[in-house]
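Hi,

Here is the structure I said I would pass along. Have a look, and my notes follow below.

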Amino acid sequence: MTRFLSGVDEDMAQTRREQLLDVTIADVRDAAEKFLVGGIEKENLAVLGERKEWVKEADGWQIRDLGMAEKAAGTGDDEGGVDS
């Protein structure tokens, strides 16, 4: 069932488990340095979901409506951005 739903078979899952178990402290430190410390200068953040009242453009948020709520509530077609 997992392979049917996700496309991941048992061999792939086992390979992933082994790779995760092989991660070292140095690997975690390097990833944190690269993506957290080094990535701060880029200041990229994406939040998807229902807009909350505390999210205001005046506070520095960039708000982009993807129009997905209208598609989901609209005609009932399956073009709402979800792959089947």
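Which side chains meet in a salt bridge? Those of Glu 10 and Arg 17 do, at 3.3 Å from N to O. The rule asks for a side-chain nitrogen of Lys or Arg within 4 Å of a carboxyl oxygen of Asp or Glu, and by this rule the count comes to one. Glu 10 is exposed at 51% relative accessibility, while Arg 17 is partly exposed at 39%. (Buried means under 20% relative accessible area, exposed over 50%, partly exposed in between, with a 1.4 Å probe and protein chains only.)

Before you read on: this is a predicted model, where local features need pLDDT of at least 70, side-chain atom pairs count only at pLDDT 80 or more, and totals for chains, interfaces and linings use all residues. Residues are numbered from 1 along each chain as its sequence is written, and side-chain values use heavy atoms, leaving out hydrogens and water.

Next, the aromatics. Searching the whole structure turns up one aromatic pair. Trp 54 and Trp 61 make it, edge-to-face, with 6.0 Å centre to centre and 70° between the planes. For this, ring centres of Phe, Tyr or Trp (its six-membered ring) must lie within 6.5 Å; planes under 30 degrees apart are stacked, over 60 edge-to-face, and the rest tilted. Trp 54 counts as exposed at 53% and Trp 61 as partly exposed at 30%.

Lastly, Phe 4 sits in helix H1, residues 2–6 (a DSSP run of H or I, at least four residues, numbered from the N terminus). Phe 4 is exposed, at 71% relative accessible area.

Cheers

Terms used. Helices (H or I, at least four residues) and strands (E, at least two) are DSSP runs, numbered from the N terminus.
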